[in-house]
Amino acid sequence: MTPEELEDAAARPAPPAFTGLSRAQRAHGRQLAAIHDMYRAELAGVADLLARIRARTADPAQLAKAVDDMHLARNMAQFGTACGRDCALLQNHHDIEEQWVFPAVAARAGAPLAPVLERLVAEHRVIHRLIGDLRQAARTLVSDRGMAAFAQCADRFDALDRAIRSHFGYEETALEGALGAYDVPI
């Protein structure tokens, strides 16, 4: 899957409708969005730093450290893609979803959510690649502070930012009802 395919909302399987959920069930289903908000804040911080570098009020070398300090990148560096791997100390957000949340949803919701869960795992793989691409571009920018290196880094960030925001929006919408209806631990 390419980043462009990830962002194709029409290609994403629709979840079944969950009607009649209580206020508590809806609130429980929205807990995933609260976790995603932490990552969105990190992305906003990097976007702000990119804007300051573009305005020449920040050193491009700061970008590599900012990217490395993101939970997204630290977890990626520590655990790799870890898709399907059993690891006792899973810290990576996607790994937690894939190892605990998605299987719990699948066990309780059954086949109707299987295509959604498969799509979400495929989107995780794209995001992992984009994080790696951004880390590499940020490291290149440390040694090559030219506009071409900066433009490549900014482009990689923009691709990651779009993919993550698109993915999070889909994941939150697609899973909110199931998480609440089946009281899946978040």
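At 0% relative accessibility, His124 counts as buried (buried means under 20% relative accessible area, exposed over 50%, and partly exposed in between, with a 1.4 Å probe and protein chains only). This residue lies in helix H7. Leaving aside residues up to four places away in sequence, His124 touches His94, Glu97, Glu98, Phe102, His167 and Glu171. A contact here means heavy atoms within 4.5 Å.

The model is predicted: local features need pLDDT of at least 70, side-chain atom pairs count only at pLDDT 80 or more, and totals for chains, interfaces and linings use all residues. Residues are numbered from 1 along each chain as its sequence is written, and side-chain values use heavy atoms, with hydrogens and water left out.

The pLDDT is the predictor's confidence in each residue, from 0 to 100. Its mean over the chain is 82. A value of 70 or more is reached by 85% of the residues. Confidence is highest in helix H1 (residues 3–6), at a mean of 96. It is lowest in helix H5 (residues 71–79), at 47. Over residues 75–91 the pLDDT is below 50. This stretch still has 34 contacts in the model beyond near neighbours in sequence.

The secondary structure comes to eight helices and zero strands. Helices (H or I, at least four residues) and strands (E, at least two) are DSSP runs, numbered from the N terminus. Of the 186 residues of the chain, 44% count as buried. Among contacts between residues at least 6 apart in sequence, 75% join residues at least 24 apart.

Helix H3 covers residues 31–54. At 1.5 Å a residue, its 24 residues should span 34 Å, and the end C-alpha atoms are 35 Å apart, which agrees. The expected span is 1.5 Å times one less than the number of residues. Several residues of H3 are buried, including Leu32, His36, Tyr39, Arg40 and Glu42. Glu42 counts as buried because its relative accessibility is 15%. Between Glu42 and Ala66 there are 9.2 Å in space, C-alpha to C-alpha, and 24 residues in sequence. After H3 comes Arg56, whose phi is positive, near 65°.

Helix H8 has 35 residues. From its first C-alpha to its last it reaches 50 Å, close to the expected 51 Å. H8 bends by about 45° at Leu175. The bend at a residue is the angle between axes fitted to the seven residues ending there and the seven starting there. Just after H8, Asp183 takes a positive phi of about 50°.

The largest nonpolar core has 27 residues. Such a core is a set of buried Ala, Val, Leu, Ile, Met, Phe, Trp, Tyr and Cys residues joined through side-chain atoms within 4.5 Å. Leu50, Leu63, Ile127, Cys153 and Leu160 have the most contacts inside it. H3, H7 (114–143) and H8 (147–181) each supply at least two residues of this core. The largest share, 10 residues, comes from H8. Leu160 touches Ile127, Leu130, Ile131 and Leu134, not counting residues up to four places away in sequence. A second, separate core of 19 residues includes Leu32, Val101, Leu117 and Leu175.

The structure holds two aromatic pairs. Rings of Phe, Tyr and Trp (its six-membered ring) pair if their centres lie within 6.5 Å; planes under 30 degrees apart count as stacked, over 60 as edge-to-face and the rest as tilted. The rings of Phe18 and Tyr182 have centres 5.8 Å apart and planes at 90°, so this pair is edge-to-face. It links distant parts of the chain, 164 residues apart. Phe18 sits in the loop between H1 and helix H2 (23–29), and Tyr182 in the segment after H8. Phe18 counts as buried at 18% relative accessibility, whereas Tyr182, at 30%, counts as partly exposed.

The rings of Tyr39 and Phe168 have centres 6.2 Å apart and planes at 50°, so this pair is tilted. Tyr39 lies in H3 and Phe168 in H8, 129 residues apart. Tyr39 is buried, with a relative accessible area of 5%. Phe168 is buried too, at 2%.
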